[in-house]
Amino acid sequence: MGESTQRNYMSLYNYSLETTPNLNQLKMQGNLFEFKDVIAPHSHTNQAISKIFTFSNYENQSTPWFKQKNIVNIMKAAGYYTYWISNQESVSTPGNAPEALARLSNKTIFLDKIFTGISLSRDEQIIKELKQIPPKEKEFYILHLQGTHMDYSRRYSNKFKKFNINDLKNNNLDHLNKNKKLTTKQAKIKSHYLNAIYYNDYIINEIINHFKNEETIIFYLSDHGDEVYDFRDFFGHTETIGSRYMAEIPFIIYLSDKLKQKYPNIISQIKKAQNLPFMSDDFLHAFLDIIGLTINDFQKDRSLFSNNFNKERVRIFANKNYDEELKLHNNLEKNKYFFKSPSKIWLHRTNELKKILDFEKKYQGFEVDVHYFSKEKYFDVGHDGEKDSIGLNLKDMLIVALKRDKKTIPLQTKFWIDFKNLNTNNAHESLLVLLNICKETGFNKKNLIIESSNYTLLNIFKNKGFYTSYYLLNIENMELTEELKNKIQEAINSQNFNAISFPYRENIYHFIKESKFKINNQDIEILTWNESKDLLYNMSIKAFFDPQVKIILSGEKGFYR
């Protein structure tokens, strides 16, 4: 387990300076495989490791990490003698998830014996400890490195001072952004970081050498990355100003020759997964899958080595959608488009084309009210049905959105469809019409949410690939009782929908959170609206920072339907 290492500074990941010569060589020999699109779940060690080494993730956060199965106990139960050797502090003020997990091992070694908070040992001390351990038949190790943690210059000895400011200048790597060069101080810090990565490459290689003659599989990943003057005057890691560079981590697998010979199929499993999008809070699922251990809480769709792997999972880092907000941003000279509103906040009650056009640069997603008119066989856009109809067809709104999408590539417009009159008489016909609209226009149905208070009928939309939400109608006028909680959970148990939706009120939000509603052992996703409040207000409320809340609808002033 590495520390603070961003993959973009490793030559293994095509950085232009040779920072990882040993890993490059192992790759050429066919023993090492790098994964190209892996991110961390958090920018700090405690939170990251509490998810990486357990079944905890942002979708089941109502269950504390320490009440979920962990990698150490699983491996012990499987008959392995477990070791945890750490070059990090054994007592930490930010949290003790690594220490608590480490103590579960059969043998725990902390190199930091004086609780300094910053280890005085370099990572090569771990290798010295390894060499003193008598071998056993079945062994499992977690080696927790100091890695490339700041202060970068303290991570390595003089022997590994390979890079300096001139290397950055001579290779055109001394720029802060498109229009600004690094200062001398900034360049010096960046060169220290490169040397720390160069040393880290040596450490990983030495660990591999220690085990290479055994039947061995070695995983290496970092808990999180560090931003090192990648586009602004900042280095380090914090989720308050999280960026892609804090999230983008190395993830590699080494296979010894003996293991390759005994399990040749493992290579094809790995190669198929190398380019898949993955977040390391699902590491335990992938780990168990590749080594062939079976356990009840294992989920195939969370393992990147499974044919059932969910490539569409939203990857949340620093409370943002990594693929839609971070992967494109913070690299402004390469951006094609971005919206002023974060992807989590959509525009409420967009019931006319003018409102989309007025806010097309501000919001990626829009909520639309519709009624299905059976006689005309079309979806009429409007809150109040026939009495308020202006004859606006939902199909026309999708066409306008598709024209807009040509300007916002790769980002696509999304609609939350509040289906006001879904009933048994129109359910199947309206589904066929909606599917036909998507087919005719080319609008991706995955960019549509279908919401209704009639949850028993949402299943037919869900089964056809639409995301669906059960609208908790009039909940703001109800007593928030245990009986209501049980009714909602009973509806969730029907599995007819993906999420629940309700108007944002502090008391309702707290009732929903305290109820800990679950679907398939995951926290049910939440959609909410706060139309009387603007974008900035909604970015400050507690729900905005809650990963269980998928969307918040925001209001805008103006004369609209």
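Is tyrosine 455 buried, partly exposed or exposed?

First, some housekeeping. This is a predicted model, with local features needing pLDDT of at least 70 and side-chain atom pairs counting only at pLDDT 80 or more, while totals for chains, interfaces and linings use all residues. Residues are numbered from 1 along each chain as its sequence is written, and side-chain values use heavy atoms, leaving out hydrogens and water.

Let's talk rings. A pair of aromatic rings is described by the distance of the centres and the angle of the planes. Here, rings of Phe, Tyr and Trp (its six-membered ring) pair if their centres lie within 6.5 Å, and planes under 30 degrees apart count as stacked, over 60 as edge-to-face and the rest as tilted. That rule gives 42 aromatic pairs.

One of them joins phenylalanine 251 and phenylalanine 283, edge-to-face, at 6.1 Å centre to centre with 75° between the planes. Phenylalanine 251 is in strand β11 (residues 251-255) and phenylalanine 283 in helix α11, 32 residues apart; helices (H or I, at least four residues) and strands (E, at least two) are DSSP runs, numbered from the N terminus. Phenylalanine 251 counts as buried because its relative accessibility is 1%, and phenylalanine 283 is buried too, at 4%. The cut-offs: buried is under 20% relative accessible area, exposed over 50%, partly exposed in between (1.4 Å probe, protein chains only).

Now back to my opening question. Tyrosine 455 is partly exposed, because its relative accessible area is 22%. Tyrosine 455 pairs edge-to-face with phenylalanine 497, at 5.9 Å centre to centre and 80° between the planes. Tyrosine 455 lies in the loop between β19 (448-452) and α16 (459-462), and phenylalanine 497 in the loop between α17 (482-493) and β21 (499-503), 42 residues apart. Phenylalanine 497 counts as buried, at 0% relative accessibility.

If you'd like to see a cluster, look at the one that ring pairs build from residues including Phe35, Phe53, Trp84, Phe140, Phe251 and Phe283.

Next, charges over rings (NZ of Lys or CZ of Arg within 6 Å of the ring centre and within 35 degrees of the ring normal). Lysine 138 lies over the face of tyrosine 80, 4.5 Å from the ring centre. In another example, the charged end of lysine 533 is over the ring of tyrosine 537, 4.8 Å from its centre.
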